[in-house]
Amino acid sequence: MTALVGPTLEEAFEDARTKPAPRGGGGKRRGWLLPMWGWLVIFWLSSPIIVMIVFGFNDGSGKVVSPKWHGITLKWYEQLFVYNDLTTALWNSVKIAVLTTLIAVVLGTLMGVALGKYRFRGTGSVTLLLFANIAAPEVVLGAALLSLFLAANVPRGFGTILVAHVMFSVAYVVVTVRARMAGLDPSMEEAARDLGAGPFVTFFRVTLPIIMPGVLAGGLLAFALSIDDYIITSFNNGSTQTFPLWVYGAAQRTGGGVPPQVNVMGTLIFAFGVLVALAGAVASRRRS
């Protein structure tokens with residue numbers, strides 16, 4: 001009596017892999033529906049930026065942004081620095097964002113390397129504190145920092161804004177660097193040490209180049225969070241004006257209008273961020 005033997009597991013798997021999947025009307029609809037939905041979401045998220053860029057070229061009186069289209073002009077780019085207080089506010093934002101990025105990258109990189117490489121008493125508490133800093137509402141952080149500065153009798157101004165921005169942005173750098181450290185092969189550092197490299201040489205020649213994509217990503221986050229922050233800055237600015245504070249104040253003074261130069265400056269800031277992100281992506285791809 002002959003036994004009936006079915007296909008082996010390997011044969012069944014190969015048959016299922018090579019057999020074409022059935023295509024019906026539902027599959028075709030799903031094929032274009034999801035990409036279209038994705039593009040609609042991207043357009044919705046990008047629409048405020050698109051409006052800002054377009055109205056930076058809109059002709060008008062120049063006092064406030066006109067809601068009507070009057071034609072294309074480049075005069076707002078030529079008259080970019082006509083408002084001295086707006087120019088000062090913009091440079092304050094840029095200086096604070098650059099300094100915040102530098103300080104947060106140094107502190108965050110060292111903390112991220114320590115948390116990702118070593119296990120010590122208090123690691124869990126430090127991690128909890130970092131994520132609590134990220135998850136806490138900005139109004140809570142702003143009020144807490146204001147209470148700290150008032151209790152210490154520190155005059156509010158450029159310095160307190162810088163300290164506040166470093167406080168809330170350093171956690172993002174730590175998280176990104178620590179995630180990058182998770183993929184670091186310890187044998188590479190051990191090989192460098194076996195070849196005679198000291199701790200500092202090993203860090204700057206081996207560890208830092210490997211985790212550099214995480215460092216750059218954390219720095220970009222710190223810069224973006226700093227230059228557009230309003231809530232925490234408004235608690236701790238004193239008499240120092242930043243770009244977001246000036247824009248909000250101008251809208252309040254004019255009943256909802258701002259000069260066209262605001263759109264131009266916003267466009268330049270956005271373009272700078274995009275260029276830096278693209279440069280970082282290209283550098284990371286070449287390095288990998």
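Which residues of α5 are buried? In this predicted model, they are T123, T127, L130 and N133. Viewed along the axis of α5, these buried residues fall within an arc of 125 degrees, so they line one face of the helix. The buried residues of α5 pack against α4 (84-117), α6 (138-151) and α7 (158-181). On the face turned away from the buried side, α5 carries the exposed residues G124, S125, L128, L129 and A135. Helix α5 itself comprises 13 residues, 123-135, and spans 18 Å from its first C-alpha to its last, close to the 18 Å expected at 1.5 Å a residue.

Attention now turns to the aromatic rings. Five aromatic pairs are found in a search of the whole structure. One of them joins F55 and W69 edge-to-face, with 6.3 Å centre to centre and 85 degrees between the planes. This pair links distant parts of the chain, 14 residues apart: F55 belongs to helix α2 (residues 25-55), while W69 sits in the loop between α2 and α3 (75-78). W69 is partly exposed, at 45% relative accessible area. Y230 and Y248 also form an aromatic pair, here a tilted one, at 5.2 Å centre to centre and 55 degrees between the planes.

N237 lies between α10 (231-236) and α11 (243-253), and counts as buried because its relative accessibility is 9%. A polar atom of the N237 side chain lies 3.0 Å from the backbone oxygen of T240. Leaving aside neighbours within four places in sequence, N237 is in contact with R156, G157, I161 and L245.

Notes: Residues numbered from 1 in each chain as written. Predicted model: local features only at pLDDT ≥ 70, side-chain atom pairs only at ≥ 80, totals over all residues. Heavy atoms only, no water. Helix = DSSP H or I, 4+ residues; strand = E, 2+ residues; numbered from the N terminus. Buried < 20%, exposed > 50% of the residue type's maximum accessible area, 1.4 Å probe, protein only. Polar contact = N/O pair within 3.5 Å; in protein donor to acceptor, adjacent residues only side chain to side chain. Contact = heavy atoms within 4.5 Å. Expected span 1.5 Å × (residues − 1). Arc of directions from axis to C-beta. Phe/Tyr/Trp six-rings, centres within 6.5 Å; stacked < 30°, edge-to-face > 60°.
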